[in-house]
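Opening the notebook on this one.

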Amino acid sequence: MAGLIDTHCHLDDLRLVGDEDSVLQKASEFGVERMVTIGTDEVTSAAAAKIAAKHPDKIFHTVGAHPSDVDRFGEEELAKIERLARENKPKAIGEIGLDYYHDSNREKQVVVFERMIALARELSLPLVIHNRDAHDDVYRILSEKAKGLKILLHCYSSGPDFVERFMDLGCLFSIAGPVTFKNGQSIRDAVAKIPLDRLVVETDSPYLTPEPNRGKRNEPAYVKFTAEKVAEVKGLTLEEVAERTTQNAKKFFAI
Ligand SMILES: [Zn+2]
């Protein structure tokens, strides 16, 4: 089987850090070949770069500014994130975006989001988007500001009705553990609509552990369960899903 790629994990998280050898070992037992570890602020972006540097053909990193954290992003922090992006050769800018579920300043989220899109444009890097309960605004900002940039919608949760609109922007849709949940029907309906050349898979580990391991710590190995569910929904084999999603992820991140 083609090795799977976990397009979104947080290997610097306290629940995973220091446990890299066993996490990588288990990933390879589950057929997971590569992973992209995601930055959310200056500290986590620097940590992600460090982890990736230790495993150059296996782990890749991004630099990001998470919308839930904007209340503590002053000019100094944002400038540091920009400097990291210019110096550390990330594979994408993200996660960035909007989060209207958590209670942080929405106007500032928009300012930071647009500033990070401009950074991606300056560096010709793709975008990894976090969107929670902000579907219309994320769509509007991407269509106004991100023309011509490659876009990945992390942990896609906007349901089947938004699929066509985001397709028109050229987005990739990254499917995470909730597709396996009982209450994940709208994600499964979206997966049924998304063409195979627009799909990738992720864990968002250590969060969002897919069934049958829900409740335990998540790790990149378990992206296999998500890929299996995607295969079931689309009436394909795991092999076919692995091959296509890996091809899409390699092209997107240039890895
Ligand atoms: Zn994340």
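Predicted model: local features only at pLDDT ≥ 70, side-chain atom pairs only at ≥ 80, totals over all residues.

I began at the end of helix H4, where Ser124 follows with a positive phi, near 50°.

Next I checked the helix itself.

Which residues of H4 are buried? I got Gln109, Val112, Phe113, Met116, Ile117, Leu119 and Ala120. Looking down the axis of H4, I find these buried residues within an arc of 155°, so they line one face of the helix. Glu107 and Glu122 are exposed, on the face turned away from the buried side of H4.

What covers the buried residues of H4? My list includes helices H3 (75-87) and H5 (135-145), plus strands E4 (93-99) and E5 (127-132).

I followed up on Ile93: leaving aside neighbours within four places in sequence, its contacts include Met116, Leu119, Ala120 and Leu127.

Last, the sheet. I read an open sheet of five strands, E4-E5-E6-E7-E8, with parallel pairing. E4 and E8 (199-201) stand at the edges with a single partner strand each, so one side of each has no neighbour in the sheet. Between E5 and E6 (residues 151-153) I see three bridges, and Ile129 stands opposite Leu153 in E6. Helix H8 (residues 223-234) lies across E7 (172-175) and E8, at about 150° to E8.

How values were computed
Residues numbered from 1 in each chain as written. Buried ≥ 20, exposed ≤ 12 C-beta atoms within 10 Å, placed from the backbone. Helix = DSSP H or I, 4+ residues; strand = E, 2+ residues; numbered from the N terminus. Arc of directions from axis to C-beta. Contact = placed C-beta atoms within 7 Å. Pairing = 2+ DSSP bridges. Axes fitted to C-alpha atoms, helices over the stretch in contact; angles between N-to-C directions.
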